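Have the viewer open and follow along.

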Amino acid sequence: MPKCTINGKEVEVKDGQTIMEAFYKTEEPIAHYCYHPGLSVAGVCRLCICDIEGNPRPQIACNTVVTEGMKVSNKSDKIKDGVKWVLDFHLINHPLDCPVCDQAGECGLQEQYMEFGKYDPEMAEHKVKKHKVVDLGPTVVLDSERCVLCSRCVRFTDEVSKTSELGIFNRGDRSEIGTVEGKKLDNKYSLNTVDICPVGALTSKDFRFRQRVWYLKDSETVCNGCSTGCNVKVYFNKEGFFRVKPVYNEKVNGHWMCDEGRDIYKFLNKDARFTTGIVRQKGEQTEMAPGALAKELHKEIKAKKDQVALVLTGQYTVEEYDAMVSSMVKEFGISKIYHWVNNKESFDSFDGLLLRGDKNPNTKGLLQVLEKHQIKGVWGDLEAGLKNKSIKTLIVAGPENKAVFDNLETHVKLFAQAEHLVWLGSAKVDSLLNLNNVKVSIVPLKTFVEKEGTFINAAGLEQKFKRATTVVHEALTLTETAILMSGKNLTVPMAQIEKPAFLENKRRQDQVMLENRKKNEFVFKRGSL
Amino acid sequence: METKLLTEFYHLDEFRFLDGYKKNGGYVNLEKALKMQPQAIIDEVKASGLRGRGGAGFSTGMKWSFLPKNNEPRYLVCNADEGEPGTFKDRLMMERAPHQLIEGMIMSAFAVGSKKSYIYVRGEYYYPVEVLEQAVQEAYKAGYLGKNILGSGFDHDMDVYRGAGAYICGEETGLISSLEGQKGQPKLKPPFPAVKGYLQKPTIVNNVETLAAVKYIIRDGAAAYKKFGTEKSPGTKLFSLSGNVRKPGNYEVNLGYSLNDLINNEGGGMKPGRKLKAVIPGGSSAPVLTAEEASRATMDYECLAQMGTMLGSGAVIVIDDSQCMVDMLGVLMHFYHHESCGQCTPCREGTGWLNKITHSILEGKGRLQDIDLLVKVADNMKGRTICALSDAAALPVLSFVTKFRDEFEFYVREGRSKVRGSFYAQMHH
Amino acid sequence: MSVVQKAGAASKWYLPGILTGLGITFKHMIKNIVSKKQMVTLNYPEEKYEYSSRFKGNHILTVKKDGNIRCTACMLCATNCPAECIKITADENPDPKVEKFPISYEIDILRCVFCGYCEDACPVDAIRLGPEWQTPGLSGANFTYDINHLAYRPSLKGGIQSHVDDEERHKEGI
Amino acid sequence: MLETAKSTFQLSAEGLAEVKKELARYEIKDSAIIPALYVAQKENKGFITTAVIHHLGQVMDIPVSKINEVFKFYTMFNQVPVGKHHVQVCTNISCALEGGRELTNHICHELGVKLGEVTADGRFSVSRVECLGSCGTAPMMQVNTKYYESLTPESAMNILRGMK
């Protein structure tokens with residue numbers, strides 16, 4: 001365990017770790033493009049140069065192993081000038097099309113330029129022209145001119161996804177990232193290349209031109225796309241959710257996430273959701289406040305205790321399962337509780353990296369809650385009960401992400417055999433609104449980004465996450481629904497109400513808006529540009 | 001005067017073949033070497049003070065002793081990717097005396113304990129590859145290669161690998177990358193090839209001339225070898241003399257030989273009516289010497305280093321007074337721009353930038369500040385990359401611009417060459 | 001609001017004040033009838049004032065040589081707008097040299113404070129504040145200016161070309 | 001698209017055998033990429049196309065991007081069609097000092113082509129290359145595999161005219 005000094009701060013690192021890792025540990029700033037903690041060291045961007053005491057030449061931090069007593073600094077004028085020049089080498093052939101570039105606002109080149117640059121360009125000659133808007137595959141678009149050839153994406157396809165679609169072709173300043181014609185960048189992790197691209201060379205087709213990044217806020221949460229439970233950041237503003245990116249978690253997903261998981265934002269937005277409570281009887285549809293609807297259901301459930309059954313999917317939090325199951329069991333003594341398993345065949349599959357066949361974030365949590373309340377519902381019982389009409393009122397906590405429920409439609413048909421189908425769910429399921437022979441009550445629920453809770457992933461790891469924002473204000477959580485259905489009222493403890501930011505800062509309301517818009521380090525100084 | 005040690009029998013056509021080579025003292029010393037202790041050979045080479053003839057001039061014995069002391073398989077690679085502009089000595093050695101190289105390699109391989117060696121020859125050398133491959137076959141047949149060489153119990157295999165045209169593969173890690181079937185991009189150091197090289201195994205990469213010289217160190221002993229050359233630069237060296245001299249060619253002389261003599265005696269002096277203007281003493285990457293400096297220079301590592309240049313691969317390029325230095329820098333910059341592997345940013349972008357600036361000066365579009373910009377860019381490319389190619393591109397710029405600044409300024413001001421007028425426009429009409 | 005109470009009895013008699021005022025009005029009326037040139041007011045809307053060409057009035061979106069809109073939908077104007085009156089929706093342009101362009105560009109002119117920050121922020125000279133200053137309209141919808149109005153309204157006669165030329169820039173390698 | 005790209009090039013039986021031999025020759029498969037590209041280039045009229053890359057990828061079981069990287073990196077693999085006699089004139093410093101560039105211009109002019117172009121009859125193509133290691137006998141050119149040294153514009157053209 002050698003000790004070293006980084007800019008005067010002493011730090012102890014593991015054997016064989018590099019100066020770069022020591023910089024990370026001390027949280028001292030160091031410029032770099034090609035180094036990525038999840039990939040091998042390339043050492044080609046040459047930005048991470050630093051002074052090592054006793055070494056006349058500056059060394060790169062990413063490939064120099066820390067030795068005992070090493071004194072490193074990157075604060076000297078010599079190093080700063082060196083970084084400035086290396087940055088200039090990066091920029092001389094850069095097209096500077098920040099206005100149309102999606103990366104603007106979170107671009108490595110912009111960040112370092114604000115830190116080290118701010119000079120007049122000295123390059124008077126023509127820039128090297130390369131290919132623009134190259135279609136690399138179904139998910140990614142390449143702009144070779146913006147590329148700084150850090151080779152992160154190439155190393156990703158070689159080392160992590162092991163698909164090797166990308167390569168750097170030609171040499172010198174004619175080098176270009178690309179795929180061989182006839183072979184596309186098409187793998188289940190392809191969008192990670194966009195995340196690790198420090199500039200705007202690789203952009204996501206899905207996110208392209210939808211928002212400028214400085215209009216977006218982000219919030220950390222856990223992906224509910226499958227039972228791996230990758231740690232992710234969701235990006236949103238008042239118009240809705242726009243993208244999902246991975247967050248490093250050594251125990252779960254490392255630095256990566258799959259392309260499927262990046263689509264989860266799509267079912268969070270309003271147009272994919274039930275927004276009000278709906279009661280549908282004999283083809284007639286009335287809208288109702290969700291809370292009132294849930295409360296109304298209390299009477300019916302209480303009256304028909306023995307004929308009520310509950311179906312749960314693995315898409316809710318542990319807290320919600322516990323609230324729902326215990327209210328069913330304790331308040332009403334209902335034990336007909338069943339677990340709805342989607343894609344049964346591939347349920348246990350795993351691709352070796354992140355993707356799991358179980359497309360629910362919290363199957364483990366549900367099973368644990370059911371076990372705690374000693375419920376052993378077998379799916380066959382439900383089918384039989386519906387057939388012989390011993391189950392008349394069926395409460396279903398449906399999927400949030402209906403895309404992963406292949407058997408959704410057949411199951412809706414199955415559930416329609418009951419007399420009264422109570423559907424709790426966030427995703428808009430159109431087939432429910434076409435059922436005419438059964439009474440349907442729909443209570444809109446909140447999605448995982450609108451509530452806090454815990455998911456237990458396939459490895460048994462409990463992951464708590466926080467609320468990001470609220471999209472459908474009227475919607476309830478499953479816990480709230482459980483409370484209302486058991487006839488109680490919702491009480492909101494005062495301490496939990498978040499204080500609005502403007503009160504604390506004594507800001508006017510419109511100033512808060514402005515503040516939100518201009519976050520993400522985007523500093524636009526009037527008059528100076 | 002030439003001192004023919006390595007090139008003693010190069011005039012004999014039969015020296016190319018095994019029989020002729022054996023007739024002239026070939027493979028005699030191999031037996032002697034195989035009876036020695038490997039460590040003794042390393043010590044002998046170390047004692048001889050032999051320095052790498054490829055360009056860097058690093059002590060060969062020292063390099064060999066960096067090998068980790070374990071039983072991992074290790075490789076010996078002969079660097080015959082002779083790409084440095086002005087250098088053509090390795091080609092001569094491979095064409096005229098392939099067995100001399102092979103013998104030296106077997107001895108070296110025995111010393112470093114390598115069971116497999118490669119000769120990496122640049123792709124353009126079709127004929128030398130042919131000669132080498134034939135010689136390797138001959139050596140296998142005669143039992144100098146293969147299992148249990150000359151009954152010593154030492155096994156060794158040798159293979160010739162053809163490159164495909166990349167200057168950067170002359171850099172040892174670039175060469176290893178190329179040998180591994182990748183782009184010839186240099187690898188990060190550390191780890192050095194002697195620790196982790198070809199296929200992540202310890203690898204020794206030596207130049208053709210270095211490996212061939214090993215034979216003579218074994219034959220005569222380190223002490224005898226040290227008699228050649230100077231105290232710190234012992235031995236003889238092949239110098240590739242080219243450019244504006246009457247008799248260009250390869251000349252083997254003692255290290256420490258006067259550059260003036262090399263040009264005027266061996267090279268036959270300048271062409272009629274021409275005067276010496278500048279000399280690049282160690283291949284295109286070496287900083288240029290003015291005529292005055294050249295008259296004082298002796299061809300050894302120390303003297304040239306002292307004069308701010310280097311011996312490099314021993315390619316002496318003579319430039320006479322009819323040549324335009326801006327033009328020559330343009331030629332070099334085009335070369336380095338073309339050959340930069342594109343890995344490290346300062347080199348990838350810097351070589352392109354230098355090339356653009358020099359050519360805009362040549363086209364008559366230069367600005368006076370461009371001359372300083374050349375220096376600034378070159379200064380900031382130096383020592384900032386994985387391999388030495390960016391230094392190799394930067395050093396000529398710095399020396400050309402500082403030593404012949406008047407020519408550059410004249411070109412920028414007048415839009416034509418001080419020496420050759422507006423030749424450039426005619427050449428690129 | 002502060003109210004100034006004038007003391008004194010004379011001010012209770014309004015008639016002298018009224019007559020003085022009428023006198024001034026009459027004086028100007030006669031002056032204007034006699035010499036129209038000296039008149040300071042205009043007969044709006046029959047007559048209109050010509051402002052300087054630098055006047056920051058209604059917005060204009062400039063066009064390229066081929067008549068397409070210059071704006072690249074970088075949203076810097078919207079970001080810089082203190083009144084938040086600019087709304088842009090971007091999309092992929094089939095021409096890879098253009099890459100990004102706005103499929104909708106709306107300015108809520110009633111919110112606009114004509115500060116000109118959008119003009120300042122624009123990196124490609126795509127938006128300018130022009131000399132037009134009238135913003136009449138009969139319903140709320142009339143005050144949301146879209147691309148058609150901003151770039152191609154009849155008074156612009158087919159669009160104002162900006163000075164920056166894409167092709168020249170491309171040739172120069174910028 | 002992939003299918004058509006693959007179907008346009010096929011190694012001959014000898015070529016395939018040679019590639020297989022090279023695959024077995026070295027410690028790792030990747031080392032055989034350069035020799036295999038040489039074999040394929042010879043069979044594909046002196047240059048390499050995407051179809052060749054795909055075919056080699058299939059034959060050698062190496063990702064095509066890796067083969068393409070190697071192909072595009074080295075100058076001896078031609079990316080565009082070349083003539084039957086590919087004339088490569090050195091224009092690096094030693095040859096430039098002795099008139100290598102003038103020689104290139106002369107050859108181009110005499111053959112009526114620009115650099116990198118193929119003559120109308122497909123016999124010649126001219127390119128300027130970096131140092132070929134024949135500096136002592138400058139200026140020089142390489143036609144296919146053979147070096148021609150100590151040239152003058154006239155002698156160079158005589159050599160080229162003598163080629164069938």
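## Confidence

pLDDT is the predictor's confidence in each residue, on a scale from 0 to 100. This is a predicted model, in which local features need pLDDT of at least 70 and side-chain atom pairs count only at pLDDT 80 or more, while totals for chains, interfaces and linings use all residues. Residues are numbered from 1 along each chain as its sequence is written, with chains lettered from A and ligands numbered from 1 in the order in which they are written. The model scores ipTM 0.90 and pTM 0.91.

Chain D has an average pLDDT of 92, and 96% of its residues score at least 70. Within chain D, helix α5 (residues 64-73) has the highest confidence, at 96, and helix α1 (residues 2-7) the lowest, at a mean of 44. Helices are DSSP runs of H or I with at least four residues, strands are runs of E with at least two, and both are numbered from the N terminus. Over residues 1-6 of chain D, pLDDT stays under 50. Where pLDDT is low, the predicted coordinates should not be read in detail.

## Nonpolar cores

A nonpolar core is a set of buried Ala, Val, Leu, Ile, Met, Phe, Trp, Tyr and Cys residues joined through C-beta atoms within 7 Å; buried means that 20 or more other C-beta atoms lie within 10 Å of the residue's own, with C-beta atoms placed from the backbone. The largest such core holds 323 residues, and A:Cys48 and B:Val77 touch the most other members. Beyond four places in sequence, the contacts of B:Val77 (C-beta atoms, placed from the backbone, within 7 Å) include B:Tyr118, B:Leu175, B:Tyr198 and B:Ile204. Another core, of 31 residues, lies apart from the largest one and has C:Cys85 and C:Phe101 among its members.

## Chains and domains

Chain B makes no contact with chain C, their closest C-alpha atoms being 13 Å apart. Chains C and D do not touch either, with 22 Å between their nearest C-alpha atoms.

An automatic or database domain assignment gives the domain bounds: chain A is divided into domain 1 (3-91), domain 2 (100-214) and domain 3 (273-491). In chain A, the C-alpha centres of domain 1 and domain 2 are 24 Å apart, and each of these two domains gives 15 residues to their contact.

Notes: A residue is buried if 20 or more other C-beta atoms lie within 10 Å of its own, exposed if 12 or fewer, and partly exposed in between; C-beta atoms are placed from the backbone.
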